[in-house]
Every structure is written in structure tokens, then in C-alpha cells.
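Trainee: Could you take me through this structure step by step, as I am seeing it for the first time?
Mentor: Gladly; please look at the sequence and the structure first, and then we will go through them by question and answer.

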Amino acid sequence: AAGGGLQLQLTNDIVVTNPLRLGSSGFAEDGILKNVSGNNTVTDFGLSGLGGTRIHVVGGSILNLPNAFAVGPGSGAQNFRVIGSGTVFLGGDNSAVLQPANIFLLGLGSGAGPTVKVGHEMAFGLGSISFQPQSASTIQSSDVVSPTLANELIFASTPFNQVTFGSAV
């Protein structure tokens with residue numbers, strides 16, 4: 001599904017195994033997919049459309065995306081943004097969606113940013129990782145073996161941009 005007026009919300013520790021193809025910034029730019037509460041998993045997540053995709057992970061919640069992002073029909077490489085102060089786990093090689101010309105944006109430019117637990121060295125694809133102003137995002141290994149990320153890092157030129165890198169907790 002694609003469209004600015006839609007938002008799929010996940011709550012209460014569910015697992016979605018059906019293919020889920022979403023694209024756009026969602027309802028009121030609050031994310032086309034919003035992880036509201038709990039520890040939720042989408043095993044076959046993919047993107048539709050070409051305009052970029054935004055997901056929202058609410059503070060205290062965890063969204064698990066354990067496999068590579070799929071590219072839906074009529075879709076292709078695009079930018080991807082995670083907003084909110086929750087945690088998202090990226091476990092697959094996302095280079096089919098995030099090519100060198102694309103950006104993986106963390107945060108919105110205001111409010112706390114997400115924690116991203118990385119389970120694959122290509123979790124951010126081939127694109128750049130852009131830390132938005134005032135987002136205070138964290139990138140963390142999902143286990144004791146830390147992946148090597150070769151992505152270009154982009155930091156906003158603001159004194160309020162704080163990024164934390166770390167090993168598994």
C-alpha cells in the first residue's frame with residue numbers, strides 16, 4: 001500500500017509473516033508503519049512506490065525486521081527513514097532498496113531518535129546514513145560480533161546532534 005493518508009500500526013507482540021509492502025511517509029508524515037507498543041516482528045517487509053518510505057518506532061517499543069527488505073512491484077531503490085525513540089532491528093542485506101545514491105535517515109530533526117540494532121553489515125544497504133539534527137540516535141550491534149559498516153555517515157551541522165555507536169547490550 002502506498003499513500004500519504006495510510007498508516008499500519010503494530011501493537012502487543014505480534015508476528016506478521018505475510019508479505020507487507022509499504023511506501024510513503026504515511027498519515028500526517030507519522031510513518032506508513034508505526035510500531036506503537038510491544039516487541040513486534042515483520043518477517044517479509046518490503047517497499048512499494050518510489051518516493052521514499054518512513055516508519056515510526058515509538059519509545060519503549062521494538063520492531064524486528066529480520067530479513068532483507070523486498071522490492072515490491074513497480075518499486076525500486078529509495079530513501080528510508082526511521083523516526084521515534086524506539087528500537088528497530090535490521091537483520092538483512094538491504095542493498096536492493098538502499099543503493100549508493102540513497103539515504104537512510106535516522107530521526108526527524110526534533111525529538112529523540114531511534115536505536116538501530118544491526119544484525120548484518122549491509123543493514124543500511126549501500127546508501128549513506130544521515131543523522132538528523134537533535135535526534136540523538138544510536139547504532140548498536142545486535143550480538144557480540146560487531147558488523148563492519150562501510151556506509152558514508154552524514155551528520156547535521158548542529159551542536160545538538162549526538163550519535164552513539166556501541167556493541168550489543
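Mentor: S24 is buried, because its relative accessible area is 15% and buried means under 20%, whereas exposed means over 50% and partly exposed lies in between (1.4 Å probe, protein chains only). Please keep in mind that this is a predicted model, in which local features need pLDDT of at least 70 and side-chain atom pairs count only at pLDDT 80 or more, while totals for chains, interfaces and linings use all residues. Residues are numbered from 1 along each chain as its sequence is written, and side-chain values use heavy atoms, with hydrogens and water left out.

Trainee: Is A28 buried or exposed?
Mentor: A28 is found in the loop between β3 and β4, where strands are DSSP runs (E, at least two residues) numbered from the N terminus. A28 has a positive phi of about 55 degrees although it is not a glycine. With a relative accessible area of 65%, A28 is exposed.

Trainee: What is the phi of S24?
Mentor: S24 is found in the loop between β3 and β4 (33-35). Although S24 is not a glycine, its phi is positive, at about 125 degrees.

Trainee: In what order do the 7 strands of the open sheet stand?
Mentor: Two strands pair if DSSP finds at least two bridges between them. The pairing in this open sheet is parallel, and its 7 strands have the order β1-β4-β7-β10-β12-β14-β16.

Trainee: Which strands stand at the edges of that sheet?
Mentor: A strand at the edge has a single partner strand, so one side of it is left without a neighbour in the sheet. The strands in this position are β1 (8-10) and β16 (153-155).

Trainee: Which residue stands opposite R81 in β12?
Mentor: Strand β10 (residues 80-83) and strand β12 (residues 103-106) run parallel and are joined by 3 bridges. In β12, the bridge partner of F80 is F104. The residue opposite R81 is L105.

Trainee: Which residue in β14 stands opposite L106?
Mentor: On to the next pairing: β12 and strand β14 (residues 128-131) run parallel, joined by 4 bridges. Opposite L106 stands F131.

Trainee: What is the bridge partner of L47 in β9?
Mentor: An open sheet of 3 strands, with parallel pairing, has the order β3-β6-β9. Its edges are β3 (20-22) and β9 (70-71), each with a single partner strand, so one side of each is left without a neighbour in the sheet. Strand β6 (residues 45-47) is joined to β9 by 2 bridges, and the bridge partner of L47 is V71.

Trainee: How many aromatic pairs are there?
Mentor: Rings of Phe, Tyr and Trp (its six-membered ring) pair if their centres lie within 6.5 Å; planes under 30 degrees apart count as stacked, over 60 as edge-to-face and the rest as tilted. By this rule, the number of aromatic pairs is 6.

Trainee: Why is the pair of F45 and F80 edge-to-face?
Mentor: The ring centres of F45 and F80 are 6.4 Å apart and their planes stand at 75 degrees, so the pair is edge-to-face. F45 in strand β6 and F80 in strand β10 are 35 residues apart, and the pair links distant parts of the chain. F45 counts as buried, at a relative accessibility of 2%, and F80 counts as buried at 0%. The plane angle that makes the pair edge-to-face is therefore 75 degrees.
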